[in-house]
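Visitor: I have a chain to look at. Can you walk me through it?
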Amino acid sequence: MALSEEPAAGAREDGAEEGALARGGVLEAFGDGAETRELLGRLRAVLGDRAAREGALERFRVIMDKYQEQPHLLDPHLEWMMNLLLDIVQDKTSSADLVHLAFKFLYIITKVRGYKTFLRLFPHEVADVQPVLDMFTNQNPRDHETWETRYMLLLWLSVTCLIPFDFSRLDGNLLSQPGQIRMSIMDRILQIAESYLVVSDKARDAAAVLVSKFVTRPDVKQKKMADFLDWSLCTLARSSFQTIEGVITMDGTLQALAQIFKHGKREDCLPYAATVLECLDGCRLPDSNQTLLRKLGVKLVQRLGLTFLKPKLAKWRYQRGCRSLAANLQLCAQGRREPQTHAETPDGDADDDVPEEVERVIEQLLVGLKDKDTVVRWSAAKGIGRMAGRLPKELADDVVGSVLDCFSFQETDNAWHGGCLALAELGRRGLLLPSRLVDVVAVILKALIYEEKRGACSVGANVRDAACYVCWAFARAYEPQELKPFVAEISSALVIAAVFDRSVTCRRAASAAFQENVGRQGTFPHGIDILTAADYFAVGNRSNCFLVISMFIAGFPEYTRPMIDHLVAMKINHWDGVIRELSAKALSNLAQRAPEYSATHVFPRLLSMTQSLDLHTRHGAVLACAEVAHSLSRLAVQEDRGLGGELMRQAVCVLIENLSLSKMPFRGDAVIDGWQWLINDTLRNLHLISSHSKQQIKDAAVLALAALCSEYYTKEPGEVDPARQEELITQYLAELRSPEEMTRCGFSLALGALPGFLLRGRLQQVLAGLSAVTHISPEDVSFAESRRDALKAISRVCQTVGVEAGGSPDEVVCEENVAQIFRTLLDCLRDYTTDSRGDVGAWVREAAMTSLMDLTLLLGRDQPELLEAQVCERVMCCLAQQASEKIDRVRAHAARMFMALLHADGPPIPHLPHRGDLQELFPRSDMASVNWNAPSQAFPRITRLLGLPAYRYHVLLGLAVSVGGLTESTVRYSTQSLFEYMKGIQHDPQALEGFGGTLLQVFEDNLLNDRVSVPLLKTLDQMLANGCFDVFTLEENHPFCVKLLALCREEIRKSRDVQKLRSSIGVFCGMVQFPGEVRRKALLQLLLLLCHPFPMIRKTTASQVYEMVLTYGDVVGAGVLDEVMAVLSSTAWDAELPLVRGQRNRLCDLLGVPRPQQVPKPSTH
């Protein structure tokens, strides 16, 4: 496959694109009119050039996709776009390929805007019927390249069917020749519709639209509706959902029937409804494993039910008066909201006969509420709401009772979810009367905390999400006085879900429901204050919810006890260990809000839970007991460690600093020891200080120490007091080994702040102590902040003592210790520690880069001979690697350090590899003009370093992580830049070989290192798919391909990492393009993955192998291609392994690959 011909991202206006991203994709108008007009205008010109044709299609698709979320912006421009394309279609001189191309562009527009809006713009005069029909004569329903043409023609035909003339008037004389009768237009349209209802592509959907508009015409329904329905029912009866052909046929037929009963008049459809329902029952669709068929079955059933019932608006339904949010808020603000009573209107239609078929329909919809797929349950819920709106009050109440039966603990989570959706629909339509709210609110409160353990995980997140939707719907449906008796329960339940739910989607759904109730009802206690703290974005971080937001909300007494009770009852015994730990910490925090309740009720309950037989309960209870006990003990000394203590410590530290700077005459005074004790105590107990004050107090203490030492710890100017020096240095070095991270942070910075005379003679000890803090050990792996502050301290110490090549290592930075300092700093650039806070190692890497820059500039200015070529090269290469990685902040910081060393203000830094090339690639002007935070500006520049051998390895290492990452903008621009570089070296075999060798070296060095290897596999997948190594396909068993295959196989050997395995599948598929033994082994590996123990891996492999066979036509012989495709597409790859293995072995035989042999497991005695 050829490399993309799309222009480099850097050639476009980066600022405009970033502005659009910053606005969250909100556009004000269609801004691509000129380019679109130019693209559509040159379709004839690009038709003959395949690359240009595909490039134009892809560019148009990109333009249209920008408006997926705001398709209405296209409306003023749809007409001229359609006219340009239809001119081509209606031009008799246009070739078939050009017409197909025009329809492809029309389909792209339809996909974005939707066919309903698009239909009215098609020409639909009487004169258009025959030309559209004639176009079908040249269509091949089995041509998979031109399905867009057939789809658009069917839509076009569906709108021409709406002409207000009898079709028989367009037929003329049907007896064209003696003995030959032409088919009428009505029959031709019906034949076309029926033939396309059973095709396998998207034209089937358009055929259903055509049928619904055609068969319901007044002239057609009299002559053809009965015949068409008979054909449809016979087709359904003959079809089986056990075969692919049967599924396709049933899908099209069900769509057509559902559309007819939706758009047709009731009096026309009613005579056939019972027959259709009978046939539908015979199809046994609920037993099908095809989600779409079950959904269409439910959709058709509800349409049949609505046909049986007269269309009317239930007089008994609950009606809320004012539905304006602005009016509600205004009334609340003015305090003039008067309670409105809604008397229940007598049901005047109670005597209407309800056909007996309605009961069967309702029963099937209730079964649909318990379906295993959400889309089916959602369709059934909407059907329940629509049907209940046409039923008498008593029967509708029976339906509500049946829905409430879904909320039994004997039912599955699917039934609970479907029940919630149905209740929301009933409430939204005013069909849940206030008299039912007592029962409904009770089950919704249970649904908000519904969770069932299944093996090593649980189900129920969708139930809780749907319960939040019910609360959201109720806020809009009822007057405040109706929900007032339940406000306390609902508000507490929603707050608990928003703060303590394990799933982020449920937390956000609860936050949205709470917000809707605050706005619509105005009765939730402290609603605005809570919303400000627990908005959509704030509840996205689980730790923040448990430990910060919960503490704020617990400050309102209405929520404190419900939150504590929920944690004890539902979260302390949770199956997820992380949730148990967070819950214990949250209880510790909340104990300070309700200390008496925690001591008298919570703590005894937790103690009893420690005796539970369940391991999770015992574990959580022990953790919670420890946390609550510690929290209650801290309350006893709150005066010392509370807000007053924090404010006073900071203030006293500032006082000490300023008194010292003012040279107050306290030398030798006992007050100095008191000041020193306060500073040491503050640094030692930083972990006890609240997080929002910690940094300020730490900084104040360090500044106070620096000023105190400089002024009061010298005998003579510049002469140190040996006893004081020994005591201070020894104590501070000992504190660096503290088990508290914040203590290490404080004393690291304290050592960095010491004046030069205190460091003289002890430099080696200080540097060794700080260096030890930067090392990662199992017990302090998460102490990223202490490692960061130690690096800052090393840099400050070096700046303080200065540089002297021949000096003593205990006095200055010199030849003996400079190598060790560089080694410590460079080692920290490999810190990629992650924890619940994310990539905390990034803090360490940023500090290491800053320290490296400071030290290098210091040496370059004062003692350049101490800078070795090897060290300079490693510094620049490591900075280049960080500048090409995925985190914007780290990348920008590394780029600034790189540029600062390259364009140093003083003497140039010696031994920079490729200095001339670097200065040409990165001119000094880039320091101010380039926004290195923006991927669109950073990656096109940093990838230029791939052309410099010294930097290639490290830049490629960083790019692999970016290209295979998750952030959309980073992936897009890093990928574009890499492919642009690859396109430039396609005709340079030496450069390509060098690049390939470096890539393999990166892979080999990071084998089984998931941080690099998983994104690297994704990168390789994209590179292979984009033809970056097409040159290697000319040689069988090229060394690059052989080694890459071996590395990939080694990487996934015995791996159970689903993400890694899925990434490797694409690489193996891409390697099939290489001929020879590499292809055979890659196919063998893919066939092995088809029988992987994980069903997801088997399904993914089958899907990608299917695409691979389509992409690389020479892999499979023409004689067996159809059979291979059939096996791949028709096999249920998530079935039991013995069944799958037979199909896999069949593929082995077809592809000429030896069947893998099962290795018997060693028997255990």
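This is a predicted model: local features need pLDDT of at least 70, side-chain atom pairs count only at pLDDT 80 or more; totals for chains, interfaces and linings use all residues.

Visitor: What percentage of the residues counts as buried?
Guide: Of the 1165 residues, 53% are buried. Buried is under 20% relative accessible area, exposed is over 50%, and partly exposed is in between (1.4 Å probe, protein chains only).

Visitor: What about the accessible surface?
Guide: The accessible surface of the protein chain is about 52000 Å², and 53% of that belongs to carbon and sulfur atoms. The areas come from the Shrake-Rupley method with a 1.4 Å probe; for residues, only the protein chains shown count as cover.

Visitor: Which residues touch the most other members of the largest nonpolar core?
Guide: M64, F122, F167, F214, I444, L494 and L606, in a core of 206 residues. Helix α6 (residues 96-113) gives the most to this core, with 11 residues. A nonpolar core here is a set of buried Ala, Val, Leu, Ile, Met, Phe, Trp, Tyr and Cys residues joined through side-chain atoms within 4.5 Å.

Visitor: What is M64 in contact with?
Guide: With neighbours within four places in sequence left aside, M64 contacts F30, L74, M81, I108, I109 and V112. Contact means heavy atoms within 4.5 Å.

Visitor: Switching to charges. How many salt bridges?
Guide: The count is 62. The rule is a side-chain nitrogen of Lys or Arg within 4 Å of a carboxyl oxygen of Asp or Glu.

Visitor: Which residue does D75 pair with?
Guide: R113, with the closest N and O atoms 2.5 Å apart. D75 lies in helix α5 (residues 75-90) and R113 in helix α6, so the pair ties together parts that are 38 residues apart in sequence. D75 is partly exposed at 28% relative accessibility, whereas R113 is buried at 18%.

Visitor: How exposed is R830?
Guide: R830 has a relative accessible area of 56%, so it counts as exposed. Its salt bridge is with D827, the closest N and O atoms being 3.3 Å apart. D827 is partly exposed, at 31%.

Visitor: Which residues form a network of salt bridges?
Guide: K698, E785, R788, D789, D835 and R837 are linked that way.

Visitor: On to α55. What span should helix α55 have?
Guide: Its 13 residues (1077-1089) should span 18 Å at 1.5 Å a residue, and the end C-alpha atoms are 18 Å apart, which agrees. The expected span is 1.5 Å times one less than the number of residues.

Visitor: What do the buried residues of α55 pack against?
Guide: They pack against α53 (1039-1052), α54 (1058-1071), α56 (1095-1111) and α58 (1137-1151). The buried set is V1078, R1079, A1082, L1083, Q1085, L1086, L1087 and L1089.

Visitor: Now loops. Where is N817?
Guide: N817 is in the loop between α41 (784-801) and α42 (818-827).

Visitor: Buried or exposed?
Guide: N817 is buried, with a relative accessible area of 3%. Neighbours within four places aside, N817 contacts L763, Q764, L767, P809 and V812. Its side chain reaches the backbone oxygen of P809 at 3.4 Å.

Visitor: And T146, what does its side chain join?
Guide: A polar contact of 3.0 Å joins the side chains of T146 and R150. A polar contact is a pair of N or O atoms within 3.5 Å; within protein, one must be able to donate a hydrogen and the other to accept it, and residues adjacent in sequence count only if both atoms are side-chain atoms. T146 sits in the loop between α8 (129-136) and α9 (147-160) and is buried at 8% relative accessibility.

Notes:
Residues are numbered from 1 along each chain as its sequence is written. Side-chain values use heavy atoms; hydrogens and water are left out. Helices (H or I, at least four residues) and strands (E, at least two) are DSSP runs, numbered from the N terminus.
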